[in-house]
Amino acid sequence: MSAIDQLIQPRTEDLGEFSVRRMLPNAKCRAVGPWVFFDHMGPADFPAGPGINVRPHPHINLATVTYLFEGEILHRDSLGCEQAIRPGDINLMVAGSGIVHSERERPEMMESDRRLHGLQLWLALPEADEETPPEFLHYPSNDIPALTLNEVPVRVMLGSAYGVTSPVKTFAETLYVEATLQAGQRLSIPDVDERAVYVAGGEVEINGELVPEFALATLDTASGLEIIAKQPSRIAIIGGENIGHRYVWWNFVSSRKQRIEQAKQDWAEGRFPLVPGDDAEFIPLPEK
């Protein structure tokens, strides 16, 4: 019996300055546990000069998780937070009742050639927490639990796995693990209600089934599943509890369709807060 329920291939989304591989949402799979959005950014190379330039835009009823393998992004938001995220750090932005943020670069970063490579994911908040006050939390790399299992370096970014627990705030049972494996190395997959493995580089096998580079494999609930690297590979394991259906439209996620309509109107009519120091421009509401 197959351990893989779905093997999802990414679609490419052009963000202007660079493209991303978008795994979620997908026609085959709308969510994995509370995770409703999954982008693999890059690797994108920028020559000296302007590069990452995501103008202010809004979110509601979700939390964003940004994690970089290479490069740097400057986060600024309507709470007045300003934070550069670097490889190994985690930025958690809880949109809750509504937040606006931009993702750009520090001027000194633009003075030389550089590369951006990382993941950005969105968590749907449980219904009781959807309208929680917005907040921004930064977790430096040294605060993220790291361990070695059978010579495989593993980091537990969110939730609990392999006997350790991440300090990153969660609202429901949530799992996010990152690991790098050499050819032939093995890693057990934690047991959670819903889970998936993403291959950010290389190729792996799960219980005898191949998962190629840039594919997301959603898994069944059988215990004892194991990843075997067919070549040097970087993988992410995500999962957690199913928190129910969510509507997703542009940057808005909610259990209530009318809440998304309200957010659309609020953004179109300028009722969201501004980002201090970055309020000269914004991304307009899409027509579709």
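1. Arg106 and Glu72 form a salt bridge, with their closest N and O atoms 2.5 Å apart. A salt bridge is defined here as a side-chain nitrogen of Lys or Arg within 4 Å of a carboxyl oxygen of Asp or Glu. The pair links distant parts of the chain, 34 residues apart: Arg106 lies in the loop between strand E10 (99-104) and strand E11 (114-124), and Glu72 lies in the loop between E6 and E7. Glu72 is buried, with a relative accessible area of 6%. Buried means under 20% relative accessible area, exposed means over 50%, and partly exposed lies in between (1.4 Å probe, protein chains only).

2. The model is a predicted one, in which local features need pLDDT of at least 70 and side-chain atom pairs count only at pLDDT 80 or more, while totals for chains, interfaces and linings use all residues. Residues are numbered from 1 along each chain as its sequence is written, and side-chain values use heavy atoms, with hydrogens and water left out.

3. A second salt bridge to examine is that of Arg256 with Glu131, whose closest N and O atoms are 2.8 Å apart. This pair also connects distant parts of the chain, 125 residues apart: Arg256 is in the loop between strand E26 (252-254) and helix H1 (257-268), and Glu131 is in the loop between E11 and E12. Helices (H or I, at least four residues) and strands (E, at least two) are DSSP runs, numbered from the N terminus. Arg256 is partly exposed at 30% relative accessibility, and Glu131 is partly exposed at 35%. Both residues belong to a network of salt bridges that links Glu130, Glu131, Arg246, Arg256 and Arg259.

4. The side chains of Glu13 and Arg11 also meet in a salt bridge (3.0 Å, N to O). Glu13 is partly exposed, with a relative accessible area of 24%, and Arg11 is partly exposed at 36%. The count of salt bridges comes to 23.

5. Strand E9 (residues 90-94) deserves attention: five of its five residues are buried, so the strand is largely enclosed by the rest of the structure. Both of its faces are covered, with Ile90, Leu92 and Val94 buried on one side and Asn91 and Met93 buried on the other. Four bridges join E9 to strand E6 (residues 62-70) in an antiparallel arrangement, and Val65 stands opposite Leu92. Five bridges join E9 to strand E12 (residues 135-139), again antiparallel, where Tyr139 is the bridge partner of Ile90. Two strands pair if DSSP finds at least two bridges between them.

6. An open sheet of four strands has the order E5-E10-E7-E8, with antiparallel pairing. Its edge strands, E5 (54-59) and E8 (82-85), each pair on one side only. The twist averages 25° from one strand to the next; axes are lines fitted to C-alpha atoms, for helices over the stretch in contact, and angles run from 0 to 180 degrees between N-to-C directions. Strand E7 (residues 73-77) pairs with E8 over four bridges, and Leu74 stands opposite Ala84.

7. Another open sheet of four strands has the order E18-E23-E20-E21, with antiparallel pairing. Strands E18 (186-188) and E21 (209-211) are its edges, each pairing on one side only. Neighbouring strands of this sheet are turned by 30° against each other on average, direction ignored. Three bridges join strand E20 (residues 204-206) to E21, and Ile206 stands opposite Glu209.
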